[in-house]
Amino acid sequence: MPDNVDASERMVDNWTKQIQETAARYQAMAARMQGQTVTERSKDNTIEVTIDSKGLLTNLVISEAASGKRMAEISSQVMRLVQLAQSRIPELLQAAMAETVGTTDETANRVIAEAQSTFPEAPPEENLAPPEPERHHRFGPEEDEPSLPPAQANPPQNPPQPKPIPRRRRTQDDDDDDFGGSILS
């Protein structure tokens with residue numbers, strides 16, 4: 001009987017040791033990922049984004065050279081760069097796991113698969129062209145505007161004033177204010 005108890009204690013001690021070692025490896029992996037950042041730049045170096053290991057934007061730099069671009073183009077480039085940077089997170093996670101936990105661990109593979117579904121590959125650049133803006137800047141009358149009905153085309157300069165409401169003349173019976181009699185009774 002003591003051999004069975006000793007064997008059970010050794011088995012529990014081994015499990016405890018394995019769990020503690022695995023936890024220490026995952027903590028080392030988490031610590032390694034904590035400080036990781038990814039930075040991406042536009043081809044013309046006018047926009048730079050940096051994200052952290054959680055995929056959150058931590059820095060955005062738009063150079064003065066971008067001032068000549070359309071705002072739709074700049075915002076499209078920023079979003080593309082953020083997606084591109086985020087798509088590199090699973091790769092960083094896999095490298096950190098290979099060095100700390102190992103890639104044969106089933107839990108590690110699930111974590112990597114989850115990161116890949118959260119941060120998928122960035123779409124190709126040609127699909128992200130911003131739409132041409134609709135410009136509606138009109139500062140005065142234009143001759144190319146569609147014709148309006150005569151009533152709307154030349155609205156009257158002075159709108160008609162409402163007719164005053166005629167006042168009713170007071171009579172002697174008005175003193176009772178319609179309360180059924182005089183106040184001084």
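In the predicted model, T118 counts as partly exposed, because its relative accessibility is 44%, a value that lies between the limits of 20% for buried and 50% for exposed residues. The residue is placed in helix α4, which spans residues 106-118. Although T118 and S87 are 31 residues apart along the chain, their C-alpha atoms are separated by 8.8 Å.

Helix α4 packs against helix α3, which comprises residues 89-100. The angle between the two helices is about 165 degrees, and their axes lie 9 Å apart. Since angles over 145 degrees count as roughly antiparallel, α3 and α4 are therefore assigned to that class. Their crossing is right-handed. On the α3 side, the contact is made by P90, L93, Q94 and M97, and on the α4 side by A108, V111, I112, A115 and Q116. Classified by residue type, this contact of α3 with α4 contains 7 nonpolar and 2 polar residues, and no charged ones.

These two helices belong to a protein whose secondary structure comprises 5 helices and 3 strands. Read from the N terminus, the elements follow the order α-β-β-β-α-α-α-α. The protein has 185 residues, of which 22% count as buried. Of the contacts between residues at least 6 apart in sequence, 56% join residues at least 24 apart.

The N-terminal element of this order is a helix, α1, which covers residues 2-34 and includes A31. A31 is exposed, because its relative accessible area of 55% exceeds the 50% limit.

The 3 strands form an open sheet in the order β1-β2-β3, with antiparallel pairing. The edge positions are taken by β1 (37-41) and β3; each has a single partner strand, so one side of each is left without a neighbour in the sheet. From one strand to the next, the twist averages 10 degrees. Strands of a sheet pair through backbone hydrogen bonds, in either a parallel or an antiparallel manner.

Strands β1 and β2 run antiparallel and are joined by 5 bridges. In this pairing, V38 stands opposite I51 of β2, and T39 stands opposite T50 of β2. In a regular strand, side chains alternate between the two faces of the sheet. The residues of β1 are divided between a covered face, with V38 and E40, and an uncovered face, with T37, T39 and R41.

The hairpin formed by β1 and β2 has 5 residues between the strands. N45 lies in this loop between β1 and β2, and its phi is near 60 degrees, a positive value in a residue other than glycine. Most residues other than glycine have a negative phi. N45 is also exposed, as its relative accessible area is 55%, over the 50% limit.

The second pairing, between β2 (residues 47-52) and β3 (residues 57-62), is likewise antiparallel and has 5 bridges. Here E48 stands opposite V61 of β3. The hairpin of β2 and β3 has 4 residues between its strands, and G55 in the turn adopts a positive phi of about 90 degrees.

Helix α2 lies across β1, β2 and β3, and runs at about 35 degrees to β2. The loop between β3 and α2 (71-86) contains K69. This lysine is buried, because its relative accessible area of 16% falls under the 20% limit. When its neighbours within four places in sequence are left aside, K69 is in contact with D44, T46, I74 and Q77. Of these partners, I74 and Q77 fall within the range of α2.

Technical notes. Residues are numbered from 1 along each chain as its sequence is written. This is a predicted model: local features need pLDDT of at least 70, side-chain atom pairs count only at pLDDT 80 or more; totals for chains, interfaces and linings use all residues. Side-chain values use heavy atoms; hydrogens and water are left out. Axes are lines fitted to C-alpha atoms, for helices over the stretch in contact, and angles run from 0 to 180 degrees between N-to-C directions. Angles under 35 degrees count as roughly parallel, over 145 as roughly antiparallel, 65 to 115 as roughly perpendicular and the rest as oblique. A crossing is left-handed if the near helix is turned anticlockwise from the far one by less than a right angle, and right-handed if clockwise. Contact means heavy atoms within 4.5 Å. Ala, Val, Leu, Ile, Met, Phe, Trp, Tyr, Cys and Pro count as nonpolar, Asp, Glu, Lys and Arg as charged, and the others, Gly among them, as polar. Two strands pair if DSSP finds at least two bridges between them. Buried means under 20% relative accessible area, exposed over 50%, partly exposed in between (1.4 Å probe, protein chains only).
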